[in-house]
Amino acid sequence: MSINSSTTPDLSGLWVPLVTPFAGDAVDHAALQALVRRLAPAGIAGTVVCGSTGEAAALDDSEQLAALATVAEAAPDLPRIMGISGYHLGQTLDWVRRLGPEKLAGLLVPPPHYIRPSQQGLIHWFSAIADASTAPVLVYDIPYRTGATLERDTLLALAAHPNIVAIKDCGGDADKTRAIIADGRLQLLAGEDSQIFSTVAEGGVGAIAASGHLQTGRFVQVIRLLREGRLAEARGQWQPLLPLIELMFAEPNPAPVKAALAIEGLMSDVLRPPMTDASESMRIRLHAMLSGLE
């Protein structure tokens, strides 16, 4: 089921791709709820549930649905995007239909990982998912995780689908980014935290940024100022964030983010294998940085 373009939501602003807190072997729903309630008043556009930052690959279907329910309960009026992934189209479509009753602002959908299909195969993958989804689809262009590169012409072809409305841009191709922005049919969200400033300054509408768990209000303000054309003010807010962003990705995401949130007392510093906790040297650096943040 596709949506009418006149009802396409505005996805501009900062979206926080939520970590999934754990207590031992189980999802810590109390910590997840507290995290969402902390983020909601900061002016974010919404949250992404069960994205790569949320360790979705380590969660079974029931855990994913339970996490989504917890986020909805914590902030029912805050828009939610659900991350999905896979490489079996039939099973993925079944999951998309299962998510149909959920009140979602969108589905964040990467190419099928491992398979590396042709460009026509990628068009078929996204079109089939968009046809089946009651929520708008955001294309997640992240070749270093999936092994699949979405070419510019492929993205422009997908932009013609009425239920494909946006792209999370981790493609690493500045010319492709500019072409999508210039085309104007897909809302473009920065997916690499370090590229938020340049992407929004060139016409992107916002970002999906794991670093936004911390200094959330400042990230929100940077995007707002850029979209208002207040470049110098935005730069003043942005530059203090750069060391934080660098540190958040000095080890595999989401280990540094979880360690920082644990230091702040918001959750346990636990990840599911094969992900590993942040190193002791990272924790020392995080303590120093967090104590120095305003």
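1. Strand β4 (residues 46-49) and strand β5 (residues 80-83) run parallel and are joined by three bridges; two strands pair if DSSP finds at least two bridges between them. Within this pairing, Val 49 stands opposite Met 82 of β5. Between the two strands the chain passes through helix α2 (residues 61-74), and the β-α-β crossover is right-handed, that is, clockwise from the first strand over the helix to the second with the strands pointing away from the viewer. Helices (H or I, at least four residues) and strands (E, at least two) are DSSP runs, numbered from the N terminus.

2. This is a predicted model, in which local features need pLDDT of at least 70 and side-chain atom pairs count only at pLDDT 80 or more, while totals for chains, interfaces and linings use all residues. Residues are numbered from 1 along each chain as its sequence is written, and side-chain values use heavy atoms, with hydrogens and water left out.

3. β4 also pairs with β1, again in the parallel sense, over three bridges. There, Gly 46 of β4 is the bridge partner of Trp 15.

4. Buried residues (under 20% relative accessible area; exposed is over 50%, partly exposed in between; 1.4 Å probe, protein chains only) of α9 include Phe 219, Val 222, Ile 223 and Leu 226. Among the elements covering the buried residues of α9 are β1 (13-17), α1 (29-39) and α10 (231-238). Gly 229, which follows α9, has a positive phi near 80°.

5. Ser 291 belongs to helix α13 (residues 280-292). Ser 291 counts as exposed because its relative accessibility is 63%. A polar atom of the Ser 291 side chain lies 2.8 Å from the backbone oxygen of Ala 288.

Definitions and conventions: Contact means heavy atoms within 4.5 Å. A polar contact is a pair of N or O atoms within 3.5 Å; within protein, one must be able to donate a hydrogen and the other to accept it, and residues adjacent in sequence count only if both atoms are side-chain atoms.
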